[in-house]
Amino acid sequence: MKNYHTDLIHDPSGFVLLADHVPGIIQEIRYYSTYNFIGERIDGYEEPCAISTIETARALKSVSNELMVQGYRLKVFDAYRPVSAVKHFVLWGLEDQDIRMKPYFYPALEKQELFAKGYIAKLSSHSRGSTVDLTLLDMNTGKELDMGSPFDLFSEVSHPDYRGIAEEQYDNRMILRRAMLRGGFLPIDCEWWHFTLAHEPYPDTYFDFPVSSGYLRR
């Protein structure tokens with residue numbers, strides 16, 4: 001396991017609000033709400049705002065500009081995630097017997113399998129500040145594009161290259177994927193919505209300040 005660089009772990013000076021840098025971005029911060037795989041607000045999420053490193057925000061602005069010309073807007077579900085939130089996930093997986101959200105987010109898996117299969121990490125790239133979870137909104141219809149599975153569905157169906165979905169759904173995933181790749185982001189193999197800035201500024205540092213606009217502006 002990588003070591004934390006404790007000199008930076010609580011320092012938000014290299015972080016910004018995505019909404020301040022990416023015009024038109026839509027935010028639905030799931031871990032601030034109760035509609036997530038645990039079913040309650042997650043530790044560390046004090047405000048429903050997306051935060052990232054400055055470098056990630058700049059790169060995402062370029063992606064957004066390209067997609068808006070095509071008629072799409074970015075919609076973000078999560079960006080920077082505090083270490084305390086990841087600990088919340090881990091404790092829930094190990095100790096909490098509550099499975100109320102199982103039908104919606106992991107219907108075919110047991111809780112313990114979410115870690116073994118890589119859907120939940122005990123040390124998340126989100127805590128480094130340059131990872132985002134997002135989808136696309138059609139500017140003509142005002143609706144999310146159909147990606148063949150919802151955000152945080154822990155299933156093979158959510159793998160970016162899964163072909164057991166409709167051609168249009170697969171094509172929608174590829175619109176997002178190609179734009180993010182051109183913008184300098186890297187995907188992972190189990191979640192179509194997850195991308196990390198290739199040249200992230202803090203590749204070995206994990207942060208634990210709260211998701212809060214007020215904390216950034218202190």
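This is a predicted model: local features need pLDDT of at least 70, side-chain atom pairs count only at pLDDT 80 or more; totals for chains, interfaces and linings use all residues.
Helix α2, formed by residues 54-69, packs with helix α6, formed by residues 167-182. The axes of the two helices lie 9 Å apart, and the angle between them is about 135°. That angle makes α2 oblique to α6. An angle has to be over 145 degrees to count as roughly antiparallel, and one from 65 to 115 degrees counts as roughly perpendicular. The crossing of α2 past α6 is right-handed.

The contact between these helices involves residues from each side. From α2 come Leu-60, Val-63, Glu-66 and Leu-67, and these meet Ile-175, Ala-179, Met-180 and Arg-182 of α6. Sorted by class, the residues of this contact are 6 nonpolar and 2 charged, with no polar residue.

Helix α6 also takes part in the lining of a cavity. The structure holds 1 cavity of 30 Å³ or more, and the space in the largest cavity is about 40 Å³. Its lining consists of Pro-160, Arg-173, Met-174, Arg-177, Pro-187, Ile-188, Glu-191, Trp-192 and Phe-195. Helix α6 supplies 3 residues, the largest share of this lining. Divided by class, the lining has 6 nonpolar and 3 charged residues, and no polar ones.

How values were computed
Residues are numbered from 1 along each chain as its sequence is written. Side-chain values use heavy atoms; hydrogens and water are left out. Axes are lines fitted to C-alpha atoms, for helices over the stretch in contact, and angles run from 0 to 180 degrees between N-to-C directions. Helices (H or I, at least four residues) and strands (E, at least two) are DSSP runs, numbered from the N terminus. Angles under 35 degrees count as roughly parallel, over 145 as roughly antiparallel, 65 to 115 as roughly perpendicular and the rest as oblique. A crossing is left-handed if the near helix is turned anticlockwise from the far one by less than a right angle, and right-handed if clockwise. Contact means heavy atoms within 4.5 Å. Ala, Val, Leu, Ile, Met, Phe, Trp, Tyr, Cys and Pro count as nonpolar, Asp, Glu, Lys and Arg as charged, and the others, Gly among them, as polar. On a 1 Å grid over the protein atoms alone, a cavity is a set of points where a 1.4 Å probe fits but cannot get out, and a pocket is an open set with protein on both sides within 12 Å along at least five of seven lines; lining residues have an atom within 4 Å of a point. Grid points are joined across faces, edges and corners, and a volume is the space filled by probe spheres set on the points.
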